[in-house]
Amino acid sequence: MNDAATRKLVLSHLWVAFIAFAVACLQGEYQVLERSGFISALDSPSVYFASVSTHGVLMAFVLTTFFIMGFGYTIATSTLKQPIWNKPLAWVGFWLALVGVVLAAIPLLTGKASVLYTFYPPIVAHAAFYIGATLLVVGSWVWCVIMLVMFTQWKKANSGQPVPLAMFATVMNAMLWLWTSAGVAVEVLFQLIPFALGWIDTIDPGLARTLFAWTLHPIVYFWLIPAYTAFYVFVPKQAGGFLFSDEMARLAFIVLAVFALPIGFHHLYMDPEQAKGWKLLHAIGTFVVALPTLVTGFTVIASLEIAGRLRGGKGLFGWIGSLPWTNTMVLSVILSLLMLIFGGFGGIVNASYAMNAMVHNTAWVPGHFHLIFAGTTVIMYFAIAYYLWPMLVKKPLFSKQMALVQLWTWFIGMSILTTPWHVLGLLGQPRRISTVVYNNLLTLAWKPYEFMMIFGGLILLASAFLFVYILAKTQLNPTAEVCEAEIEYAEPIHAVASLPEWLNGISLWNKVIAVLMAISFGYPILQFFFMDSYGSSPWGF
Ligand code: HAS
Ligand code: CU1
């Protein structure tokens, strides 16, 4: 991290990510207020849907993609000890993605792209929205190419050597993202852009939703992998111990990347366009993809236990108390795992066909993904930022105490926000609605939960601004001494001297994915071309 040009590149990516995040948090608080119906002056479905669409795009696409790119450049340069391959190209990727975001933001903020982050045709947005989203994805592909080239070059120069675990995970994620984004790219290029420009009169929502389902599950693992990377490569060292198993970590990343892809129909259980046999196949894959998370939970907790015992913790649970709870990385992983228990439980409920029927399209689903994405995943983005910031700006963190408060408030706020969502879902409150006025006892029963959500959202908003404040203060602090710390990667208990190629490369897994995708999406997509299909006219703007 001594190369100023690389630091500038990484910081630029991370700042875009975190500014998008702060704006989206503001919108989040407005949305819970609007939905609650407590302040009638706020009631406006059109503003609500413009806001929720922007919020979703900023959180799910902008925060994540820019963070993942910036973090990936950091991992690649620090683990491979190589400069970024083709830095000008990396900047091209950055600018393409940023121009895309600005282009998409204009129709989003002016209510011309209120199609939510999942696009939902036949609702149609202004073409600039889809073109902007495409540029963002193309910018991220540039990052994928750079990661793959650096990985390949390193392997050539260090043949037979194990690729550092953090880089292995990053390259797996780049490969995963190329596969993941293909589904939505086809939808946008061949359906949505022509539809928005009026080149085609109708669209087949069944095909569009199938293509989006191709992307919708693996994208969540694209977001998650940096968090798991930090679990494995930073946490054990920060806790004062060792990684329980390097090989087990690789296996977890492989199963995550491979099985994230052929399972998207668990988002379509209640949709008519796919038959039940295909849904069953995707359901089975969904349960397979939960396994690497269990392996991750096990390995990370085992690593924490090693650290706790090395620090003198005794007895069955005594090691938990002796962990360094005031280390931002260690505190984050503990809070992240706690949120994972309940967020993951919700995922298993969703994945089970009969229970999905109960919760699908209800407030339960945003409850699930706020807990597991905004909670489990994003808290690790904070931890990574706190860890890297002093090395990126060469100044010590402005205030560790404030950072700890920020992490705790995020955890508390997210718990208060998402618990009522789960309950409201079970009480039948639909998701993706502005306000539901049934005027009956059912909606009265919702009110206390709505109130809790507003409160949880306020805590989160304060926490988000505190996060950005700490980063900005650290960077702008004129009096701080110079910080020369370097990134420290965790050592496994048993050092890996050599690895079989399947644990050290991606080519086998790329082929496995190709086969699994052909099996799970081949016929379900092809069927649209040889059955009668009925297009829908545009709906919306
Ligand atoms: Fe999900 C919907 C199924 C994980 C994100 N998910 C969504 C949506 C998003 C999302 C954004 O099957 C909404 C999409 C939309 O807008 O329509 N999800 C799953 C399953 C998992 C899962 C099975 N989801 C995630 C992750 C996400 C994410 C990760 C983001 C990062 N999800 C679904 C389904 C739907 C869905 C359906 C569609 C719902 C519908 O009807 O629309 C699994 O990967 C989860 C596995 C996790 C576990 C938890 C294990 C727990 C561990 C913790 C151990 C810790 C301990 C504490 C013991 C099984 C490992 C230690 C304490 C100490 C102090 C040390
Ligand atoms: Cu999914």
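## Briefing: a metal site and some local features

His55 is in contact (heavy atoms within 4.5 Å) with Ala24, Gln27, Gly28, Gln31 and His370, leaving aside its neighbours within four places in sequence. This is a predicted model, so local features need pLDDT of at least 70 and side-chain atom pairs count only at pLDDT 80 or more, while totals for chains, interfaces and linings use all residues. Residues are numbered from 1 along each chain as its sequence is written, chains are lettered from A and ligands numbered from 1 in the order in which they are written, and side-chain values use heavy atoms, with hydrogens and water left out.

**His55**

- His55 sits in helix H2, residues 45–80; helices here are DSSP runs of H or I with at least four residues, strands are runs of E with at least two, and both are numbered from the N terminus.
- His55 counts as buried because its relative accessible area is 13%. The cut-offs are under 20% for buried, over 50% for exposed, and partly exposed in between, with a 1.4 Å probe and protein chains only.

**Around ligand 1**

- How many residues surround ligand 1? There are 31, each having a heavy atom within 4 Å of the ligand; Tyr117, Tyr221, Asn356, His360 and His368 are the closest.
- By type, the shell around ligand 1 holds 17 nonpolar, twelve polar and two charged residues. Nonpolar covers Ala, Val, Leu, Ile, Met, Phe, Trp, Tyr, Cys and Pro, charged covers Asp, Glu, Lys and Arg, and the others, Gly among them, are polar.
- Several polar contacts (pairs of N or O atoms within 3.5 Å; within protein, one must be able to donate a hydrogen and the other to accept it, and residues adjacent in sequence count only if both atoms are side-chain atoms) are worth a look. An N or O atom in the side chain of His360 is 2.6 Å from an oxygen atom of ligand 1.
- Asn350 takes part through its backbone, where a polar atom is 3.5 Å from an oxygen atom of ligand 1.
- His368 has a polar side-chain atom 3.0 Å from a nitrogen atom of ligand 1.
- Two or more residues of this shell come from each of helix H6 (205–233), helix H9 (276–310), helix H11 (328–351) and helix H13 (364–393). H11 gives the largest share, with eight residues.

**The iron and the copper**

- Which protein atom is the donor of the iron atom of ligand 1? NE2 of His368, at 2.2 Å, is the only protein donor, and His368 belongs to helix H13.
- Donors are N, O and S atoms within 2.8 Å of the metal (3.2 Å for Na, K and Ca), and sites may look incomplete because water is not among the atoms.
- The copper ion (ligand 2) is coordinated at 2.0 to 2.1 Å by ND1 of His217, NE2 of His266 and NE2 of His267. Their spacing in sequence is H-x48-H-H.
- From the copper ion (ligand 2) to the iron atom of ligand 1 is 4.6 Å.

**Trp325 and its surroundings**

- Trp325 lies in the loop between helix H10 (318–321) and H11, and its relative accessible area of 31% makes this tryptophan partly exposed.
- Not counting residues up to four places away in sequence, Trp325 touches Ile320, Leu331, Ile334, Leu404 and Trp408.
- The side chain of Trp325 also reaches the backbone oxygen of Ile320, at 2.8 Å.

- Pro121 and Pro122 are joined by a cis peptide bond, with omega about 15°. Pro122 lies in the loop between helix H3 (87–109) and strand S1 (123–124).
- Lys81, in the loop between H2 and H3, has a positive phi near 55° although it is not glycine. Lys81 is exposed, at 71% relative accessible area.
- Asn86 is in the loop between H2 and H3 and is another non-glycine residue with a positive phi, near 60°. Asn86 is partly exposed, at 33% relative accessible area.
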